[in-house]
Structures are given as structure tokens and as C-alpha cells.
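Subject: The structure, and what turned up in it

Hi there,

Here is the structure we talked about, with its sequence. Have a look at it first, and then read on for what was found.

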Amino acid sequence: MTDVSERIGNVTRQRYEQLVTQAKELIAQVARAQFALGDMALEVEPMRPVGGSMPNGTDDLFTVTESLQLFADDIGVDRRMMEDWRYTANRWPNERRKDGVSFTVHRILASVVDDDERWAAIEDAPFNPRTGARQWTPDGAKRVVGQRVDRPVTVDEKVQAVADLTRDNEVAAQVATDLLKRPAVTEHVTPAEKVRVVTELTRDDTVAQQVTTDLLGRPDVARKTMRDDYPDYGLAAA
């Protein structure tokens, strides 16, 4: 009987490796097809300089968008997908396309502005600690160009992911409340930061009054406050 630890999903590790090999072959075919479609789109509408016109100087019968929309409609795909193929194919001439690297990775690295840097970048695949090999993944390519990754690994990436998820103020408030309940978290927050948070949370006079009442109900806090606020009245000896 096969041990559960030797299975990945619903298949054995051996079958999984077979599927990975077959999938890589299909991905390579897909990449070739996408580049070929991009090359066709470039033939229909070559890339133009910003504000440029057709090289022959004649009046255009169609705008770039209209031509690509017509081509996309006639082959049954979304125009934005067609534009994506066209852009990526333009950024990666045929002799610079890397076999074994997905079209997705080529598309992400296409944003590297300098040509020489782009050619060099795709030759320098990052190390994958899980597989122990140097190989491209979409997240690896995103790190090269400074895009947000889908699976954050470093502290900075995780902080950015949390920041993106807490843009809504209500969500941020709930997350902050939950985090501040964790002793292991609050012990790393400096006293100055804690004071700042409390100050922000007690801007409402009603809230401030209730917090002050609760704090002064704590004997140690009340005694320390009285000593600090009334040093000349002999209250410290009370």
C-alpha cells in the first residue's frame, strides 16, 4: 500500500512527476503558439513610436485598436489578450526567446526596459529551494521587476501583502485589534508606538473619558499619575 506521504494530491509521486513532464511539454507548445500569435499581431499592426504613424505615411483605414480588435474577433480571442501577445512578442525577438521558459515569465520580464538587461535577466534563473534547482516561476520573474508576488516569502513581501489586504479601513481596524491581542506581537511594539496608537484611538472625547476612568481605576496607574501630575502637594506619600 502506497504511503500517504508519497502522494501529491490524488496521485502517487511517480505519477505526479510524469504529469509534470507532460505539462512542461504542453507549456512549451503553448508558449510557441502565443509567440506565433503575437508575431502575427505584429505583422497586422507593427509597434509604432508614441504618436507615430504608419511608415508609408498614408491615411490609416483603421486605428491600431480597431485592427487588433478585428483580428481578435476573427480568430475568437479577447483583444486585450491579443495585445498582450503582441507586446511580449515585440519585446522578445525570436532569437532571444528562452526555450523551457513559459510565455508568462517572458511577459513579466518584458517590462525590463533595457534590452541587454532583459536578455541577461532571462539567462539568470533564480534558485528554487524547494526543487534545489535554478528555474523560473512567475513569482521569481516578478521579484526581478519589482512586482507584487502571489506567494510572499520574505518579511517585506508579507508586509506588502498584508498592506494590500488591509486597504479597507474596517478590515485594517479588525486586523489591528486582533494582532494587539497577541502578546508575542505587542512585546515588539515600542512604548512610543503604543502611546501613539492609544492617542489615535482616544481622539473621541467619550472614548477618552472612558479609557481615563478605566486607567485611573488601576491603583498602580493612579498612584503613578498622581505623583507625576502633583509632585508638590505631598500626594506621593499617600
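Predicted model: local features only at pLDDT ≥ 70, side-chain atom pairs only at ≥ 80, totals over all residues.

In α6, the buried residues are Asp 139, Gly 140, Ala 141 and Lys 142. These buried residues of α6 pack against α4.

The protein chain has 12 helices and four strands. Of its 238 residues, 20% are buried. Among contacts in the protein chain with a separation of 6 or more, 36% are between residues 24 or more positions apart.

Two or more lining residues come from each of α1 (13-44), α4 (103-109), β3 (127-128) and α6 (138-145). So which element gives the largest share of the lining? That is α1, with 12 residues. By class, the lining of the largest pocket holds 17 nonpolar, 10 polar and 12 charged residues.

**How the helices pack**

Two helix pairs are worth a look on screen, and α3 takes part in both.

Start with α2 (residues 64-75) and α3 (residues 79-91), whose axes are 9 Å apart and meet at an angle of about 110 degrees. An angle of 65 to 115 degrees counts as roughly perpendicular, so α2 is roughly perpendicular to α3. On the α2 side, the contact uses Val 64, Thr 65, Leu 68, Gln 69, Phe 71, Ala 72 and Ile 75, while α3 brings Arg 79, Met 82, Glu 83 and Arg 86. Sorted by class, the residues of this contact of α2 with α3 are six nonpolar, two polar and three charged.

The other pair is α1 and α3, which pack at about 90 degrees with their axes 7 Å apart. That angle makes α1 roughly perpendicular to α3. From α1, the contact takes Gln 34, Phe 35, Leu 37, Gly 38, Asp 39, Ala 41 and Leu 42; from α3, it takes Met 82, Trp 85, Arg 86, Thr 88, Ala 89 and Asn 90. Seven nonpolar, four polar and two charged residues make up the contact of α1 with α3.

Ala 31 sits in helix α1. Is Ala 31 buried or exposed? Its relative accessibility is 7%, so Ala 31 counts as buried. Apart from neighbours within four places in sequence, Ala 31 is in contact with Val 101 and Phe 103. Ser 102 is 71 residues away from Ala 31 in sequence, yet their C-alpha atoms are 5.9 Å apart in space.

Ser 67 belongs to helix α2. Why does Ser 67 count as buried? Buried means under 20% relative accessible area, and Ser 67 has 12%, so it is buried. Which residues does Ser 67 touch, once its neighbours within four places in sequence are left aside? They are Val 44, Glu 45 and Phe 62.

Happy to go through any of this with you.

Best wishes

Note on methods. Residues numbered from 1 in each chain as written. Heavy atoms only, no water. Nonpolar A, V, L, I, M, F, W, Y, C, P; charged D, E, K, R; others polar. Axes fitted to C-alpha atoms, helices over the stretch in contact; angles between N-to-C directions. Parallel < 35°, antiparallel > 145°, perpendicular 65-115°, else oblique. Contact = heavy atoms within 4.5 Å. Buried < 20%, exposed > 50% of the residue type's maximum accessible area, 1.4 Å probe, protein only.
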